[in-house]
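Morning, everyone. Let's look at some backbone geometry today. Here is the model.

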Amino acid sequence: MAKYGFWVVLAFLLAGCSENDDSPAVPPSPVTDIPGAAEVAPLRPGLYITAQGFSNCGIEGVRYAFQDESGGIVGPLFVTDEQGFMDISAAPEGAKYVTYVYMPAPNLIRWDATTFELAMFQADSLSYRVELVNIQTDDVTPCNHIQGRSKILFVDAGSEQQELDVLSDSRLELNDTALVLAQDDTVNLFAYQDGLLSGSQSVNSADLPDESTIPLALNPTQQVMLEGLMPPEEGEWSETQTALRYTAYPFQTLIRNENQTSEVNLVLDDAGSNLASFEFLADDTLSVQRVGQEGNLLMAQPLEFALKEDIPLLSSGVEFPFILSDSLCTLFSGFSYSNLVGFIRGLQAAFPELGIPNLPDLPVDPELVPECNLNDLSYEMASEKHLTTGQFAARYSATYFTGAGGGDDGLCSSSESSCRLVNRNVYAMTEHEQRNTQIFPPQIGFSRGTFFIPDVPAELIFNTLGGLITRQTFVLSDQQDIQFLHSLAGGEGSRIIDDNEPESTPIRRARLSLIGSPENPIPEALFESRYQSRYQAVGKVH
């Protein structure tokens, strides 16, 4: 027994020390694959192609090209490097747009083709990520990290009934309760109970040692009423959506409103602003606006401009590119619109399993022979007093379906074929002209504009069997600052457009977001133009 006495006493002493030790316990380091910051290349000004759910993983090999004002390719074709980086500083002289095309291999069916007007990036030297929606998982596993970790903090929700969103411009990952940061930054905590905000808190991670726990000290919220627009004189809105946003330079985030209730809890904080974005759809006409909080109210305002109403067989507020591709227009040269409708209906009857979409009810003469044009969009306002001569931030979206082909069954399958479902998005400025009616010299007033859609810099072969544009939308804002394109590309005014209802063809689009950096913050004026400006917008969805 004597030989065990020393160890028994030592164990007793150690146990006593453990019970009386007041120092905080250090949680074990979490399992994370993110390497240290020193092991990853520094951020570069430009765009990083990533994926939703894998926002710190670059996608290598995505093709991109610079295009001039007529859509012609300027300079060589480029591909993203191992970090998914697009070097927009390489734009040759004469370039106006940059377009990337994500073509997943070997399953080459669902593409993403997005165009940005270059000038929206030329006022800064910041880094951005483009998060794709539909990807091949092989493209992000293993992960090619864009940023490395510099600090890990732990969070405790404090209650089983409480959900906690832990957000930061430098957040790389949240593994259960472990927050992985790229660098020291403000960490914002938003607590929710029963779908409503129940508290918020901001802490500076620089005040906390690595692998420590964030002390939870939530601030109270404020109750705010949401008030939308009155529905049209005849009927109700086809659909409404509301998005809530909190901004405090240089941070901004959405606040949950999953139940779309009219009474919400928002952040009570003099340093930030609460905003609401309202979307209203009446038939195919979209109305969007962002408003700021006034007292305890976020209230939509009457629209100050509108698109011209469609007049069947005569005119439309928005003249979209024709629904068929150039190749099909050539094939059907001389066909009237009614001929094309009959042809598509025949295909639908012969091949019901393909799910060939209907041609839309366009406000055109059924005997009109359409022109082949995928590039030009025009619009007209309801009044000559609406908007002014200049440029306005806008978004065009479409889904191209190139038709059946490939495979033993002749249908689109997961194997490589000439089938494509291309999600097409363009963020650019319109060219708008406004004139007042006058007697002398005689002039009929108008307010109208055009929007150019560059070609996709990759070959698209539209098959005879069902190849067409299945859905198009256009959103025109009243913002003349090109920086507002960042809001549109980041999801502003897109909840209805990007819906995923079974009866519709969603336009799944990538999201553009700033990669925040305390060492290289976004200028406050740019932040305000992009994320805090109040605006109105109108559009068409069909």
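Now the ground rules. This is a predicted model, where local features need pLDDT of at least 70, side-chain atom pairs count only at pLDDT 80 or more, and totals for chains, interfaces and linings use all residues. Residues are numbered from 1 along each chain as its sequence is written, and side-chain values use heavy atoms, with hydrogens and water left out.

Next, some background. Most residues other than glycine have a negative phi, and most peptide bonds are trans.

D194 sits in the loop between strand 14 (186-193) and strand 15 (196-204).

Then E211. Its phi is positive too, about 65 degrees, and again this is not a glycine. E211 lies in the loop that runs between strand 15 and strand 16 (221-227).

Are these two buried or exposed? Buried means under 20% relative accessible area, exposed over 50%, and partly exposed in between, with a 1.4 Å probe and protein chains only. D194 is exposed, at 77%. E211 is buried, at 18%.

On to the peptide bonds. From T141 to P142 the bond is cis, omega near 0 degrees. P142 is in the loop between strand 8 (127-132) and strand 9 (144-145).

From F440 to P441 the bond is also cis, omega near -10 degrees. Look for P441 in the loop between strand 27 (431-435) and strand 28 (446-452).

Notes:
Helices (H or I, at least four residues) and strands (E, at least two) are DSSP runs, numbered from the N terminus.
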